[in-house]
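Visitor: I would like to learn how to read the features of a model from its coordinates. Please take me through a case.

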Amino acid sequence: MKIKWYGHSCFLLTDSNGSTVLTDPCDPSYGYEIPPMHADIVTISHEHNDHNNISILRGNTEIIRSPGEYNVKGIHITGVETLHDRSGGALRGKNTMFIYDMDDMRILHCGDLGMIPDEETIAKVGHIDIMLVPIGAIYTIDDLEARELANILKPKVVIPMHYKTPKLKLELCPLAPFIDAAKDCRIHNLNDCEATITKMSLGEDRVLIPVSYTHLRAHE
C-alpha cells in the first residue's frame, strides 16, 4: 500500500489493486494546494473546510461523511463517531474516525479527534496497524495525547498529521514536541511525502514523518 501526504490531514491511500482512498482534502486557502484528482473513495471526518474540499475531485467518487460500515472497490471502511472537542461536541461538534482495511492491514485516520475516546469507542476501533493521528493541539488532541492513544491502540506505525508547517496558514503546535514525546520509538524522517508499507514491512513502534524533519525544523 502507498501512502501519500498532501498536507494537514489529507492522505491518498492506494492498495495493491490500485483502489484509492482520499482523506480530508484541505481547502487551498489554508496553504496546501491539492491538485485535482480522481479517488475511488473520499472520507470526510467532519464538515470544516480544511477537511471537506471535494471540489478537487474528478470522475466518479464514493464520498463517505458519517459513521457506519462501507464496502467500496474491495475496501472495507468503518466510521466510528468521536468528538471534536472536550465539551461533548458543544464547541466543534462531532468527528468521525475512519478505519480502512487495505492489503491485509488496518489503517486508522483519526480526523480532528478532540479527546481520547472512551473504552466503548476504543473497543469499536479494535486492532490497528497504522495510525494517522493529529498532534497540533488547539483544535485536536496534542502530542502527549497522541502518544497516549498510541499506547492504548498499539499500532505498529504512527504517522503524525494536523500540525504547523511553513505552508499552513493556521495556528497549530509544531512537530517538534511530538518527536520529543516519541524518543523511544524508531523515527523515520522521509525525504518525500510518500511511503510504501506492506504487512511484512510494518515493524514495531515506528513513527514516519512524511517530510524531512530537518527541513521542517529549519522553518519553525
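Guide: What follows goes from the whole chain to single residues, and the model is a predicted one.

Visitor: How many helices and strands does the protein chain have?

Guide: The protein chain has 4 helices and 14 strands. Its C-alpha trace spans about 40 × 40 × 40 Å along the principal axes.

Visitor: What does the radius of gyration say about the protein chain?

Guide: The value is set against that of a compact globule with 220 residues, which would be near 17 Å; the protein chain has 16 Å, so the two agree. Of the 220 residues, 55% count as buried. The accessible surface is about 9700 Å², and carbon and sulfur atoms hold 49% of that.

Visitor: Among contacts between residues at least 6 apart in sequence, what share joins residues at least 24 apart?

Guide: That share is 55% in the protein chain.

Visitor: What is found at the ends of H2?

Guide: Aspartate 142 caps the N-terminal end, with a side-chain oxygen 3.2 Å from the backbone nitrogen of leucine 144. After H2 comes lysine 154, whose phi is positive, near 55°.

Visitor: Is threonine 121 buried or exposed, and why?

Guide: A residue counts as buried under 20% relative accessible area. Threonine 121 has 11% relative accessibility and therefore counts as buried. It is placed in helix H1 (residues 119–125). Its side chain joins that of aspartate 118 in a polar contact of 2.8 Å. Leaving aside neighbours within four places in sequence, threonine 121 is in contact with Val80, Glu81 and Thr82.

Visitor: Which side chain of opposite charge is nearest to aspartate 40?

Guide: It is lysine 73, at 4.1 Å. A salt bridge needs a nitrogen–oxygen pair within 4 Å, and aspartate 40 is buried yet has no salt bridge.

Visitor: What does the side chain of aspartate 40 reach instead?

Guide: It reaches the backbone nitrogen of threonine 20 at 2.9 Å, and it makes a polar contact of 3.2 Å with the side chain of histidine 38. Aspartate 40 is found in the loop between strand E3 (20–23) and strand E4 (41–43). Beyond four places in sequence, its contacts include Gly18, Ser19, Thr61 and Val72.

Conventions
Residues numbered from 1 in each chain as written. Predicted model: local features only at pLDDT ≥ 70, side-chain atom pairs only at ≥ 80, totals over all residues. Heavy atoms only, no water. Helix = DSSP H or I, 4+ residues; strand = E, 2+ residues; numbered from the N terminus. Buried < 20%, exposed > 50% of the residue type's maximum accessible area, 1.4 Å probe, protein only. Lys, Arg positive; Asp, Glu negative; His and termini not counted. Polar contact = N/O pair within 3.5 Å; in protein donor to acceptor, adjacent residues only side chain to side chain. Contact = heavy atoms within 4.5 Å. Rg over C-alpha atoms; globule rule 2.2 N^0.38 Å. Areas by Shrake-Rupley, 256 points an atom, 1.4 Å probe, with all protein chains shown as cover.
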